[in-house]
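Take a look at the structure below.

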Amino acid sequence: MTIATNLEQKIKDLEKANRILQKKLQRSEADRINLEENNHKKESLLKQVIKEFKTTQLQLVHNEKMSSLGQLVAGVAHEINNPVNFIHGNIFHAREYILDLLRLVKTYEQTYSDISPEIKDLGEEIDLEFIHQDLPKLINSMQIGAERIREIVNSLRTFSRLDEAEVKAVDIHEGIDSTLMILQNRLKAKNEQTQNIEVRKYYGELPKIQCYAGQLNQVFMNIIANAIDALQEMENNKNKQENQLLTISIHTSVLANHRVAIKIIDNGSGIPEEIQKNIFNPFFTTKPVGQGTGLGMSISHQIITEMHDGSLTCSSEIGKGTCFTIEIPVKHGCYSS
């Protein structure tokens, strides 16, 4: 009886020890799981912090470059503007003086028919008749050239906008036009096998928009430059249909909720759905190494959503093209649903 009792007691002690051990094992397993979860969370947090740090660092570098570029462009535009205004302002008077002198020569020829042989020979040598016809055209072309330079300088000044740190009411059509002027060379055909990209503007009657003008111009630049890239890539890859025109259409309109919309549409090959999902993510790019940082659209999205309380969306259909839609409030800081 004593042996049986002792055995029963030992079994109970073993069972109790086993339960205690199981509880310790359970706690150890729970601690291990918690530790793994914490490590995973810390690892994810660290990756997120590193990613955000890299993004912020590159954005700071990018913004510094844009600021320096803006100051450089504004400085060059200012230096060019003064002599160009001098030339442009004097061409008109020079044209009037030259026309007066040509009229005087013509009147002299008609009044005095008995011209000395020396003057007659000189007139034939310099082809006076051709000068009468060509010199006014030459002056007109110089005037057109000077006006073109003024337009380019004004576009550079509008695009650079050194007051971009402040919110100001601006005509965003001027910002779009200045961007197109700067990109004009990229819109032209590179050779006989390629064609010009046609820009179609459908501007609505917009009020002046309170915005960071320089930052908004940067968004226009990023989206339009990407549209040009898409059209040129389609043409280079021979994906363009026969006789298909390459076009970028820009639509602006006023929305009902005190907001405005800007749509930039190209008729390129379109963007696959899986790429559309990532297009605004930092560092995402489909361009070859060295040709893109993957920050352009990410920064554009940040400028529109965070700085202007707006939205930037992308819709695309393979074989038909892509549309980027910008919506921002007319008055900065005015939230509208």
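R200 is partly exposed, because its relative accessible area is 29% (buried means under 20%, exposed over 50%, partly exposed in between, with a 1.4 Å probe and protein chains only). R200 forms a salt bridge with E198, the closest N and O atoms being 3.1 Å apart. A salt bridge here is a side-chain nitrogen of Lys or Arg within 4 Å of a carboxyl oxygen of Asp or Glu. E198 is partly exposed too, at 35% relative accessible area.

This is a predicted model: local features need pLDDT of at least 70, side-chain atom pairs count only at pLDDT 80 or more, and totals for chains, interfaces and linings use all residues. Residues are numbered from 1 along each chain as its sequence is written, and side-chain values use heavy atoms, leaving out hydrogens and water.

By the salt-bridge rule, the count comes to nine. One of them joins D229 and R186, at 2.4 Å from N to O. This pair links distant parts of the chain: D229 sits in helix α6 and R186 in helix α5 (residues 184-187), 43 residues apart. Helices (H or I, at least four residues) and strands (E, at least two) are DSSP runs, numbered from the N terminus. D229 counts as partly exposed because its relative accessibility is 23%. R186 has 30%, so R186 counts as partly exposed as well.

Another salt bridge pairs R95 with E96, with 3.8 Å between the closest N and O atoms. R95 is partly exposed at 25%, and E96 is partly exposed at 31%.

Now turn to the core. Which residues have the most contacts inside the largest nonpolar core? They are I248, I262 and I326, in a core of 40 residues. A nonpolar core is a set of buried Ala, Val, Leu, Ile, Met, Phe, Trp, Tyr and Cys residues joined through side-chain atoms within 4.5 Å. Elements that each supply at least two residues include α4 (172-182), β4 (246-254), β5 (259-266) and β7 (321-329). Helix α6 gives the most, with 11 residues. I326 touches V219, F220 and I223, among others (contact means heavy atoms within 4.5 Å).

Last comes the surface. V76, I80 and I149 form a nonpolar patch there, with about 210 Å² of accessible area together. Patches are made of residues with over 30% relative accessible area and no salt bridge; like charges are joined within 9 Å, nonpolar side chains (Val, Leu, Ile, Met, Phe, Trp, Tyr) within 5 Å. Accessible areas come from the Shrake-Rupley method with a 1.4 Å probe; for residues, only the protein chains shown count as cover. V76 lies in helix α1 (residues 2-111).

Notes. Lists of a residue's contacts leave out its neighbours within four places in sequence.
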